Amino acid sequence: MPSNKSVSDAPIVQFTNCRILRDHRLQREDLWVREGKILNPEKLFFDEKGSADVQLDCKGSIIAPGFIDVQINGGFGVDFSLATDDFKSGIDLVSQKILSHGVTSFCPTLVTSPPSVYHQVLPQISVRNGGAHGAGILGAHLEGPFISREKKGAHPEHCLRTFEAGAFQDLLNTYGSLESVRIVTLAPEMKRSSEVIQELTKRGVCVSLGHSVANLSQAEEAVQHGATFITHLFNAMLPFHHRDPGIVGLLTSDKIPAGRRVFYGMISDGIHTNPAALRIAHRAHPKGLVLVTDAIAGMGLAPGRHTLGQQVVEIDGLNTYIAGTKTLSGSVATMDMCVRHFQEATGCSVETALEAASLHPSQLLGIEHNKGTLNYDSDADFLMLNDRLYVQATYIAGQEVWRQDASGM
């Protein structure tokens with residue numbers, strides 16, 4: 001009889017006594033992992049005649065795909081919008097620390113900045129796999145500077161830009177390169193935005209609509225040209241109005257091209273969006289909801305003054321404001337907090353809450369064949385959680401990269 005080494009010499013790990021999130025429901029099954037991938041046990045048993053080299057008792061835990069944060073500005077004193085000599089060590093620190101929040105992949109996000117900052121910072125962001133060193137980097141999210149002055153939020157007005165005659169070339173000149181860029185947030189009502197959206201989409205960059213005063217028809221036109229995401233729904237856009245619901249109307253628009261889904265980010269921290277608004281969005285378009293933290297450098301630090309790009313911000317509890325104002329500027333929420341708040345505020349199932357932080361962001365970025373699910377042959381990036389959705393351990397490529405210690409830290 002062939003041994004279980006007939007296909008690979010790598011050890012097979014079997015996670016037992018768990019409920020795994022697969023096909024939108026928690027199932028009492030074991031999880032099998034080899035060489036960083038999730039195995040199909042039927043193939044293992046019947047084709048390879050294999051068995052596990054190591055068995056791990058999960059003691060009844062939930063196993064869910066790792067969380068993916070597509071909008072995070074920094075944390076732990078690190079601000080991704082500041083060009084520093086030790087930028088790489090800063091991004092390494094954040095990627096390491098967010099493992100305890102269940103984040104296994106993320107898009108470092110830069111708020112509106114001068115071109116010199118993009119030219120310095122973007123070459124230092126490279127797409128990479130996660131591991132013991134920290135969460136994987138999926139590419140940068142550039143939020144601005146091609147956004148509306150009226151809805152700039154915490155973005156510095158003197159750095160805002162418009163598309164001039166060059167349109168897409170203006171964008172390239174501003175950023176310097178799109179090599180490591182995954183998402184660009186722009187305001188679709190700006191002149192020449194349609195051609196920019198088409199060019200970005202052609203290059204595999206996800207276009208998100210945000211910081212905008214666009215009406216619904218402008219938003220629909222942007223989607224028809226390739227936009228697929230809405231940056232922090234309800235925040236920094238026209239409020240819903242029954243005669244013209246603006247960007248919010250995309251959630252129930254009948255003008256979305258066939259086969260296309262519009263996703264929308266929500267900062268589910270109990271501060272940025274009233275729980276009733278969270279419920280309205282979720283009930284209107286549940287399969288498009290993507291939880292984001294929009295976390296700033298002050299996440300994980302004591303209250304006080306911190307930075308967000310060119311601005312000074314003040315943290316007061318879970319509130320973060322531009323210093324001296326009541327303008328919200330990012331959050332200090334962690335992704336696991338957002339998942340728990342979303343579940344509590346909407347009364348949705350545990351499965352739905354977990355998928356909003358894993359499956360949906362992976363679908364948005366077109367990486368659902370590798371990440372965001374526990375399907376066979378997917379990357380073995382997953383979490384162990386208790387029934388209250390607190391993270392107990394984080395795994396990347398089948399290796400434990402973080403575990404809560406006995407003291408609960």
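Glu35 is exposed (over 50%), with a relative accessible area of 60%. For that scale, buried is under 20% and partly exposed lies in between, using a 1.4 Å probe and protein chains only. Keep in mind that this is a predicted model: local features need pLDDT of at least 70, side-chain atom pairs count only at pLDDT 80 or more, and totals for chains, interfaces and linings use all residues. Residues are numbered from 1 along each chain as its sequence is written, and side-chain values use heavy atoms, leaving out hydrogens and water.

- Glu35 isn't a glycine, yet it has a positive phi of about 50 degrees.
- You'll find Glu35 in the loop between E4 and E5; strands here are DSSP runs of at least two residues (E), helices runs of at least four (H or I), numbered from the N terminus.
- Phe234 is another residue other than glycine with a positive phi, this one near 80 degrees.
- Phe234 sits in the loop between strand E16 (229-230) and strand E17 (263-266), and at 26% relative accessibility it counts as partly exposed.
- Gly144 and Pro145 are joined by a cis peptide bond, with omega about 5 degrees.
- Pro145 belongs to the loop between strand E13 (140-143) and helix H4 (168-175).

**The sheet**

- An open sheet is built from four strands in the order E5-E4-E1-E6, with mixed pairing; two strands pair if DSSP finds at least two bridges between them.
- Strand E5 (37-38) and strand E6 (54-57) are the edges, each pairing on one side only.
- E5 pairs with strand E4 (residues 31-34) in the antiparallel sense over two bridges.
- Val33 stands opposite Ile38 in E5.

**The helix pair**

- Helix H7 (residues 275-284) packs against helix H8 (residues 335-346) at an angle of about 85 degrees, with axes 9 Å apart.
- H7 and H8 are therefore roughly perpendicular to each other (65 to 115 degrees).
- On the H7 side, the contact (heavy atoms within 4.5 Å) involves Pro275, Leu278, Arg279, His282 and Arg283; H8 brings His341, Phe342, Ala345 and Thr346.
- By class, that H7 and H8 contact has four nonpolar, three polar and two charged residues. Ala, Val, Leu, Ile, Met, Phe, Trp, Tyr, Cys and Pro count as nonpolar, Asp, Glu, Lys and Arg as charged, and the others, Gly among them, as polar.

**The annotated span**

- UniProt, in an unreviewed entry, places "domain: Amidohydrolase-related" at residues 62-400; such annotations may be inferred rather than shown by experiment.
- Residues 62-400 are 24% helix and 22% strand, and their end C-alpha atoms lie 15 Å apart.

Notes. Axes fitted to C-alpha atoms, helices over the stretch in contact; angles between N-to-C directions. Parallel < 35°, antiparallel > 145°, perpendicular 65-115°, else oblique.
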